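Me: I am new to this structure and would like to go through some of its details. Could you show it to me?

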Amino acid sequence: MSLERWSGNDCAQLAVNMGLKQYAGCFGANLCGAKLVRLGIAHLPQLGVLNFDDQKNVLRCLEQLKEALAALEEERLVVANYRRHRRATFGGCARRPGLF
């Protein structure tokens, strides 16, 4: 699922997964995926994240999450293109066991 589609509950779980469960309630009540994508350091105090180390942790984890989701999307596209190419190459012919 894309980050933009995350619910408040997903954002709360992210806080827990980051080891910052003290912010889970606030994340869940105030964030969704669309807001999470645009979250910056200036927003964190409004969410109660006042500790600078916690702020850095949130932003670092969020960046890693975005990178991981982008890599998964890229992999999904590669697989989809491979399947499309395979269908175009082999058409609708029945695959016989042992040929490939």
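Me: Is Arg 76 buried, partly exposed or exposed?
Reply: Arg 76 is partly exposed, with a relative accessible area of 45%. Buried means under 20% relative accessible area, exposed over 50%, and partly exposed in between, with a 1.4 Å probe and protein chains only. This is a predicted model, in which local features need pLDDT of at least 70 and side-chain atom pairs count only at pLDDT 80 or more, while totals for chains, interfaces and linings use all residues. Residues are numbered from 1 along each chain as its sequence is written, and side-chain values use heavy atoms, with hydrogens and water left out.

Me: Which side chain does Arg 76 meet in a salt bridge?
Reply: That of Glu 73, at 2.7 Å from N to O. A salt bridge here is a side-chain nitrogen of Lys or Arg within 4 Å of a carboxyl oxygen of Asp or Glu. Both residues lie in helix H4, three residues apart, about one turn of the helix. Glu 73 is partly exposed, at 36% relative accessible area.

Me: How many salt bridges are found in the whole structure?
Reply: The search finds two. Asp 53 forms a salt bridge with Lys 56, and their closest N and O atoms are 3.5 Å apart. Asp 53 and Lys 56 are separated by about one helical turn, because they are three residues apart in helix H4 (residues 52-90). Helices are DSSP runs of H or I with at least four residues, numbered from the N terminus. Lys 56 counts as partly exposed, at 39% relative accessibility.

Me: Changing topic, which residues of helix H1 are buried?
Reply: In H1 (residues 8-17), they are Gly 8, Cys 11, Ala 12, Leu 14 and Ala 15. They cover an arc of only 155° around the axis, so they are on the same side of H1. The arc is that of the directions from the helix axis to the C-beta atoms.

Me: And what is exposed on the other side of H1?
Reply: Asn 9 and Asn 17 are exposed there.

Me: What follows H1?
Reply: Gly 19 follows H1, and its phi is positive, near 85°.

Me: How many disulfides does the count come to?
Reply: The count comes to zero, a disulfide being a pair of cysteine sulfur atoms within 2.5 Å. For Cys 11, the nearest cysteine sulfur is that of Cys 32, 6.5 Å away.

Me: How accessible is Cys 11?
Reply: Cys 11 is buried, with a relative accessible area of 0%. Cys 61 also counts as buried, at 18% relative accessibility.

Technical notes:
Helices (H or I, at least four residues) and strands (E, at least two) are DSSP runs, numbered from the N terminus.
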